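Subject: Handing over the structure, with notes

Dear colleague,

I am passing this structure on to you, and I would be glad if you read the notes with the model open beside them.

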Amino acid sequence: MQTSLTEPFKNSDAGQEAERILRACVHCGFCTATCPTYRLLGDELDGPRGRIYLIKQVLEGHQVTAKTQAHLDRCLTCRACESTCPSGVQYGRLVEIGRHVVEQRVGRPWREQFIHGALRALVPYTARFGALLNLGRALKPLLPKSLAQKIPARQHSKPWPEQSHRRKMLVLDGCVQPVTAPNTNAAAARVLDRLNIQLIRATGAGCCGAVNQHLSARDQAFDDMRRNIDAWWPHIDAGAEAIVMTASGCGIIVKDYGELLKHDAVYAEKARRVADLTRDISEILAAEDLSALRNATRGIKVAFHAPCTLQHGQQLKHLVEKILRGAGYILTPVDDSHLCCGSAGTYSVLQPRLSGQLLDNKLQSLSAGMPDYIATANIGCQLHMATKANVPVKAWIELLDR
Ligand code: SF4
Ligand code: SF4
């Protein structure tokens, strides 16, 4: 695709990256058919090819309107289009650059600014989010059904193993997961303990930075990243083998720390090292002998929802399914497994109508094989699907810890 980006922007890092990505797109449209929002809305501008065209116009200095912003806001950043694209167009990176420029040029109405601000002030902070969640649980009987069903029930965590092992790995605690699904990391610790690996939580680590990053607050996102690097570094120095991610939405960001902080004179090198050490829990387990994990799971049926951040963002496909089958579970077939469930970070809050339609479609596909459980690999998808699913929705690592 020919481009003619505006002069000052063209010479910036973001401008050069955007130009390279735009030029890779041949406008073939193969990506359109796999885009969840295009499939729901049928508008070219709500599909990847149309959005790429809009971003090109923005970066070439054409007029930007609230309508342009709305088309970009409706994108889930699921990156299904990247999985389909034969030309390797890095759409996810392009839309991030495009959103940032659009935000600066058209701003947002005060109501949207308030919601974005509230999400950024609450979600990345475990204590604040936990306090709000407790309040929501206390008031649940008084809330309208649509709001009450979004409040997850309290989950009790099984104990964290105390055994010390020579092999040690770090785990990201994250922000929302410790208060909504504390058993996920505990299950990962117990599974790894059976493989003679000790899982360590680093004091001071927290949100991976995804919430701020997705809401175009890059400086705050970088602060989150630097705080995590500082918390992990003593353990890395002491020989931790890996940084384990039990939520794929966090994993995709931490694996990108090296790229995101490459211009930070103090943290660039450390960020690269952190990114190199980061692995999804499925990658860790796939490299180990799992014969010790086979258990009494025969006949239990599981429908696995592969989060977009796992299958498209990290390109980790079918690993979890293989591990669950190896442990004795029966995996039920899931139609349109490449499509997003509608969670997509803060999307379910910011785009509730589209998110709800995607959720209904996803649960219909997942329920077709009459599973005993729905399993997934990301806390956002887990909480979103649990609001309406008629079987328990679990982190898949919990199933391995039965
Ligand atoms: S992003 Fe890829 S698949 Fe989509 S129009 Fe461009 S080249 Fe074709
Ligand atoms: S990231 Fe997902 S929603 Fe956005 S354009 Fe690509 S396929 Fe469509």
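Predicted model: local features only at pLDDT ≥ 70, side-chain atom pairs only at ≥ 80, totals over all residues.

Residues are numbered from 1 along each chain as its sequence is written, and chains are lettered from A and ligands numbered from 1 in the order in which they are written.

The ligands

Ligand 1 is surrounded by 15 residues, of which Cys25, Cys28, Cys31, Cys85 and Val89 are the closest; a residue is taken as near a molecule if its C-beta atom, placed from the backbone, lies within 6 Å of it. Two or more residues of this shell come from each of α4 (48-59) and α6 (80-84), where helices are DSSP runs of H or I with at least four residues and strands are runs of E with at least two, numbered from the N terminus. By type, the shell around ligand 1 holds 10 nonpolar residues, four polar ones and one charged; here Ala, Val, Leu, Ile, Met, Phe, Trp, Tyr, Cys and Pro count as nonpolar, Asp, Glu, Lys and Arg as charged, and the others, Gly among them, as polar.

Around ligand 2 there are 13 residues, and the closest are Cys35, Pro48, Cys75, Cys78 and Cys81. The elements that give two or more residues to this shell are α3 (36-41), α4 and α6, and the shell divides into nine nonpolar, two polar and two charged residues.

Helix α4

Nine of the 12 residues of α4 are buried, so this helix is largely enclosed by the rest of the structure; buried means that 20 or more other C-beta atoms lie within 10 Å of the residue's own, exposed means 12 or fewer, and partly exposed lies in between, with C-beta atoms placed from the backbone. The buried residues include Pro48, Arg49, Arg51 and Lys56, and among the elements that cover the buried residues of α4 are α2 (13-24), α5 (66-73) and α7 (91-106), with contact taken as C-beta atoms, placed from the backbone, within 7 Å. The end C-alpha atoms of α4 are 16 Å apart, which agrees with the 16 Å that its 12 residues should span at 1.5 Å a residue, the expected span being 1.5 Å times one less than the number of residues. Gly61, which follows α4, has a positive phi near 95°.

The sheets

One open sheet consists of four strands in the order β2-β1-β3-β4, with parallel pairing; two strands pair if DSSP finds at least two bridges between them. The edges are held by β2 (197-201) and β4 (278-280), each of which has a single partner strand, so one side of each is left without a neighbour in the sheet. Five bridges join β1 to β2, with Arg167 opposite Ile197 in β2, whereas β1 (residues 167-171) and β3 (residues 243-245) pair over two bridges, with Leu170 opposite Ile243 and Val171 opposite Val244.

In the loop between β1 and α11 (177-180) lies Leu172, which counts as buried because it has 26 C-beta neighbours inside 10 Å. Leu172 touches Ala205, Cys208, Ile243, Met245, Cys250 and Val254, not counting residues up to four places away in sequence.

A further open sheet has four strands in the order β6-β5-β7-β8, also with parallel pairing, and its edge strands β6 (330-331) and β8 (393-395) each pair on one side only. Strand β5 (residues 301-305) is joined to strand β7 (residues 373-376) by four bridges, and Phe304 has Ala375 as its bridge partner in β7.

Residues with positive phi

Most residues other than glycine have a negative phi. Gln315, in the loop between α19 (308-313) and α20 (319-326), has a positive phi of about 55°, and with 10 C-beta neighbours inside 10 Å it counts as exposed. Met370, found in the loop between α22 (352-367) and β7, has a positive phi of about 50° and counts as exposed with 9 C-beta neighbours inside 10 Å.

With kind regards

How values were computed
Contact = placed C-beta atoms within 7 Å.
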